[in-house]
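Here is a short briefing to read beside the sequence and the 3D view. Please keep both open and look up each residue as it is named.

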Amino acid sequence: MIYRILAINPGSTSTKIAVYDNEKQLLVKSIEHKVKELEKYDTVQEQFEMRKEGVLKVLKENDIELDSLSAIVGRGGLLPPVKSGAYLVNDEMIERLINRPVLEHASNLGAIISYEISKNLGINAYIYDSVSVDELTDVARLSGVNGMDRECLSHALNSRAMAIKYAKDNNKRYDELNLIVAHLGGGITLSIHENGKMVDIVSDDEGPFSPDRSGKVPCKKLIDRCFSGNYTHKEMLKIIRGNGGIYSYLGTVDVREVEKMINEGNKNAKLVHEAMTYQIAKGIGELATVVLGKVDAIILTGGIAYSSLITENIRKRVEFISDVCVMPGENELEALSKGILRVLNKEEEASVYRESILTKS
Ligand SMILES: Nc1ncnc2c1ncn2[C@@H]1O[C@H](COP(=O)(O)OP(=O)(O)OP(=O)(O)O)[C@@H](O)[C@H]1O
Ligand SMILES: CCCC(=O)O
């Protein structure tokens, strides 16, 4: 049986789409959105029509008939905590993403666009491994302030896909391994996968800084700055997410550019580069304690994992814990599509989204 799956991954400046016949990629395309064009919209939700039309146009240009599609999958956005794997998109999920998303994020449009296209075709729309996948254990949930539990927002899609791929490549099952995955992209999140469950993470405000995010910062200094009267709420958020991390030190979010600066003798660039890898290694060390050090492998993935300077600096600090496996880049479209193929092949079940009860369909 051949299933044709459309995968949609809306990012901050692009909407990436791909079409697969089972595992065979028929089409992949990144629809770029110019900053000037996006500035016309006050909210991410308002970009829906424009992005949906872009997707439909690309399908038409590439002779992909809408009625040849078996299912559509969008990158799952900032929902309240959900389980890993697939969810069927329903009205309740759409209402949440349009009116009350946990955070405004382009990925919130993944489900919305998929649902809208699927409705007219009479096929299912899904999300897979949303940013808000939460499999934290109870003990991992406490933050240290009563009433302020930790949040589990991570690059779950790529991280789980790489962990599953690592297991397959090594003739093992995902649920028989303990794996630490470091997703090293524009944002950095680290996760520990214990016997097939992502039981803890180091999120992008708890651990290493990244190209554009601050990571963990000194709480008291942050509070002082918030109440200094010099910044709005929005400006403070931008300081830690968007203008934080490497950008705040060096004015770029491009690690390749940082490495060029280093090669040209820029000592500050070298220090910042080293500090980021040092913090990533510390985060990996922290997660190793979750499984009492019994880690089968440490996986380094995401765009930054293309840098051997980065991966070697991390390796030398963490290889005492376990083997380090470098799986650079991310293939979120493939991860989305393969996840839904497993659902269509009945190897996995899709959950039904309910605000309070998350049940298997
Ligand atoms: N060959 C390379 N060497 C070093 N860094 C690289 C290389 N290729 C990409 N990068 C860096 O990877 C980062 C972007 O990674 P990636 O594309 O995974 O992130 P993203 O998709 O924009 O964000 P996120 O991963 O948070 O969703 C940039 O800092 C970029 O400079
Ligand atoms: C919150 C981490 C996920 C992302 O930024 O895409």
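Predicted model: local features only at pLDDT ≥ 70, side-chain atom pairs only at ≥ 80, totals over all residues.

Which of the 15 residues around ligand 1 come nearest? They are Gly 185, Gly 186, Gly 187, Gly 303 and Tyr 306.

**The chain as a whole**

- The protein chain has 13 helices and 13 strands, and its C-alpha trace spans about 55 × 50 × 45 Å along the principal axes.
- Of the 361 residues of the protein chain, 41% count as buried.
- If one takes the contacts with a separation of 6 or more in the protein chain, 69% of them are accounted for by residues 24 or more positions apart.

- The protein chain is divided into domain 1, made of residues 4-135 together with 332-360, and domain 2, made of residues 156-328.
- Between the C-alpha centres of domain 1 and domain 2 there is a distance of 26 Å.
- Where the two domains meet, eleven residues of domain 1 are in contact with eight residues of domain 2.
- On the side of domain 1 that touches domain 2, the largest share, three residues, is supplied by helix α13 (residues 332-344).
- Sorted by class, that side of domain 1 has five nonpolar, two polar and four charged residues.

**The two ligands**

- The shell of residues around ligand 1 divides into five nonpolar, seven polar and three charged.
- Ligand 2 is surrounded by Val 131, Leu 153, Ser 154, His 155, Gly 187, Thr 189 and Asp 204, and this shell divides into two nonpolar, four polar and one charged.

- In helix α12, which runs over residues 308-318, the buried residues are Ile 310, Thr 311, Ile 314 and Val 318.
- Seen down the axis of α12, these buried residues fall within an arc of 90°, and therefore they line one face of the helix.
- On the other side of α12, Ser 308, Glu 312 and Lys 316 are exposed.
- The partners against which the buried residues of α12 pack are α11 (267-288), β10 (297-302) and β11 (324-328).

**Two residues with a positive phi**

- Asn 22 is not a glycine, and yet it has a positive phi of about 50°; its place is the loop between β2 (14-21) and β3 (24-32).
- Asn 22 counts as partly exposed, because it has 15 C-beta neighbours inside 10 Å.
- Asp 129, which is not a glycine either, has a positive phi of about 45° and lies in the loop between β6 (124-128) and α5 (138-141).
- Is Asp 129 buried or exposed? With 27 C-beta neighbours inside 10 Å, Asp 129 counts as buried.

- Ile 8 is placed in strand β1 (residues 4-10), and because it has 28 C-beta neighbours inside 10 Å, it counts as buried.
- When its neighbours within four places in sequence are left aside, Ile 8 is in contact with Thr 15, Ile 17, Val 55, Ile 72, Gly 74, Gly 110, Ile 113 and Ser 114.
- From Ile 8 to Tyr 247 there are 239 residues in sequence and 28 Å in space, taken from C-alpha to C-alpha.
- Glu 259 belongs to helix α10 (residues 255-263) and counts as partly exposed, because it has 16 C-beta neighbours inside 10 Å.
- Not counting residues up to four places away in sequence, Glu 259 touches Ser 307 and Leu 309.
- Glu 259 and Ile 310 are 51 residues apart in sequence, with 9.7 Å from C-alpha to C-alpha, and Ile 310 is one of the buried residues of helix α12.

Methods
Residues numbered from 1 in each chain as written. Chains lettered and ligands numbered in written order. Near = placed C-beta within 6 Å. Nonpolar A, V, L, I, M, F, W, Y, C, P; charged D, E, K, R; others polar. Domains from an automatic or database assignment. Contact = placed C-beta atoms within 7 Å. Helix = DSSP H or I, 4+ residues; strand = E, 2+ residues; numbered from the N terminus. Buried ≥ 20, exposed ≤ 12 C-beta atoms within 10 Å, placed from the backbone. Arc of directions from axis to C-beta.
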